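Welcome! Here is a short briefing to read alongside the model, grouped by topic so that you can follow each part in the viewer.

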Amino acid sequence: MTWDRLMFGTILCLFLSRIFLVIYRFSRRSERPLRRDADICSLAVFLGSGGHTAEASILLSALDFSRYCPRTYIVSEGDELSSRRAVALENVQSARNTPLTDAAEGRSNYKLMRIPRARYVHQSSLSASFTTFKCFLACVHLVTIAPLFQNVTLGKPFVDLLIMNGPGTCVPLCAAIMLNRVRCQILFAAEIAFFSTSAQIIGFPTPKMVFVESFARVQSISHSGKLLLHMVDRFIVQWPEQIALTGGRGEYHGWLV
């Protein structure tokens with residue numbers, strides 16, 4: 001085995017080990033203090049089309065838009081229905097005396113952002129791997145690169161809170177956020193000596209992630225939910241039977257939609 005292969009194998013093992021430790025750390029419920037009722041919280045919501053968008057709209061309609069602002073609606077490319085539902089929801093809230101714009105700065109309190117679909121209906125597994133990777137890169141740009149060029153406070157995530165309820169496109173979005181939480185030890189090899197240095201892979205601040213399982217899931221967990229169960233900060237189910245399926249990580253607060 002050459003030194004190049006040994007170095008590559010060592011770095012890869014350390015990197016994967018660190019990812020595992022990060023996922024394990026964030027699989028536990030957060031111990032951060034809760035926000036006060038008067039605190040402003042920037043919000044992002046992934047609208048997954050169809051029934052997912054309908055359920056997300058019901059969840060959002062119960063929020064105080066004067067507190068949860070600005071709002072970012074993340075939709076898949078070509079999903080015009082979800083885009084229209086987001087605008088319609090904002091118009092309804094505006095009619096309830098919640099302003100759509102920040103009068104002090106003349107900026108809108110909400111925006112729409114589009115990302116590529118991770119997988120299309122009836123798409124083969126082989127081609128889906130390429131579209132999923134394309135979606136992941138777009139999500140990295142959304143949560144990591146784009147905020148660097150915006151007028152935001154240094155050291156803050158692109159939003160404070162991200163809410164999802166599926167489907168599969170939200171998995172690359174969560175993976176991009178988890179990437180920002182990863183740090184690892186990088187070993188540099190030389191012919192004469194080895195030395196190590198601590199380096200950040202990215203290490204940017206990240207939003208809190210909340211996954212709300214679909215109301216239609218009564219006795220099983222969705223595929224997206226199974227993948228994100230140990231990645232999100234809070235995993236909420238709407239049927240008590242699902243608590244046992246989450247290994248105790250799930251939270252049941254009754255029907256939310």
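## Aromatic pairs

Phe 211 has a relative accessible area of 0%, so this residue is buried. The model you are looking at is predicted. Phe 235 is likewise buried, with a relative accessible area of 0%.

- Phe 211 and Phe 235 form a stacked aromatic pair, with 5.2 Å from centre to centre and 20° between the planes.
- This pair links distant parts of the chain, since Phe 211 sits in strand β9 and Phe 235 in strand β10, 24 residues apart.
- Across the whole structure, a search finds 6 aromatic pairs.
- One of them joins Tyr 73 and Tyr 110: the ring centres are 6.1 Å apart and the planes stand at 75°, so the pair counts as edge-to-face.
- Tyr 73 belongs to strand β2 and Tyr 110 to strand β5, so this pair ties together parts that are 37 residues apart in sequence.
- Tyr 73 is buried at 1% relative accessibility, and Tyr 110 is buried with a relative accessible area of 18%.
- How close to the limit is 18%? Buried means under 20% relative accessible area, so Tyr 110, at 18%, is counted as buried.
- Phe 215, Trp 239 and Trp 255 form one aromatic cluster.

## Salt bridges

Side chains of opposite charge can pair when their charged atoms come close. How many salt bridges does the model have? The count comes to 3 salt bridges.

- Glu 90 and Arg 71 meet through their side chains in a salt bridge, at 2.8 Å from N to O.
- Glu 90 is in helix α3 (residues 80-95) and Arg 71 in strand β2 (residues 71-76), so the bridge links distant parts of the chain, 19 residues apart.
- Glu 90 is buried, with a relative accessible area of 0%, and Arg 71 is buried too, at 3%.
- Glu 80 forms a salt bridge with Arg 114, where the closest N and O atoms are 3.8 Å apart.
- Glu 80 lies in helix α3 and Arg 114 in strand β5 (residues 110-115), so the pair ties together parts that are 34 residues apart in sequence.
- Are these two residues buried or partly exposed? Glu 80 counts as partly exposed at 40% relative accessibility, and Arg 114 counts as partly exposed at 42%.
- Arg 234 and Glu 251 meet in a salt bridge between their side chains, at 2.5 Å from N to O.
- Arg 234 lies in strand β10 (residues 234-237) and Glu 251 in strand β11 (residues 250-252), so this bridge ties together parts that are 17 residues apart in sequence.
- Arg 234 is partly exposed, with a relative accessible area of 37%, whereas Glu 251 is buried at 9%.

## Around Arg 249

- Arg 249 is found in the loop between β10 and β11.
- At 8% relative accessibility, Arg 249 counts as buried.
- The side chain of Arg 249 reaches the backbone oxygen of Val 232 at 3.3 Å.
- Arg 249 and Arg 234 are 15 residues apart in sequence, and their C-alpha atoms are 7.7 Å apart in space.

## Helix α3

- The 16 residues of α3 should span 22 Å at 1.5 Å a residue, and the end C-alpha atoms are 23 Å apart, which agrees.
- Which residues of α3 are buried? They are Ser 82, Ser 83, Ala 86, Leu 89, Glu 90 and Gln 93.
- An α-helix has 3.6 residues a turn, so residues three or four places apart point the same way.
- On the other side of α3, Arg 84 and Ala 95 are exposed.
- The buried residues of α3 pack against β1, α2, β2 and β5.

## Helix α2

- Helix α2 (residues 50-61) has 12 residues that should span 16 Å at 1.5 Å a residue, and its end C-alpha atoms are 17 Å apart, which agrees.
- Thr 53, Glu 55, Ala 56, Ser 57, Leu 59 and Leu 60 are buried in α2.
- The cover over the buried residues of α2 includes β1 (43-47), β2, α3 and β9 (208-212).

How values were computed
Residues are numbered from 1 along each chain as its sequence is written. This is a predicted model: local features need pLDDT of at least 70, side-chain atom pairs count only at pLDDT 80 or more; totals for chains, interfaces and linings use all residues. Side-chain values use heavy atoms; hydrogens and water are left out. A salt bridge is a side-chain nitrogen of Lys or Arg within 4 Å of a carboxyl oxygen of Asp or Glu. Helices (H or I, at least four residues) and strands (E, at least two) are DSSP runs, numbered from the N terminus. Buried means under 20% relative accessible area, exposed over 50%, partly exposed in between (1.4 Å probe, protein chains only). The expected span of a helix is 1.5 Å times one less than its number of residues. Contact means heavy atoms within 4.5 Å. Rings of Phe, Tyr and Trp (its six-membered ring) pair if their centres lie within 6.5 Å; planes under 30 degrees apart count as stacked, over 60 as edge-to-face and the rest as tilted. A polar contact is a pair of N or O atoms within 3.5 Å; within protein, one must be able to donate a hydrogen and the other to accept it, and residues adjacent in sequence count only if both atoms are side-chain atoms.
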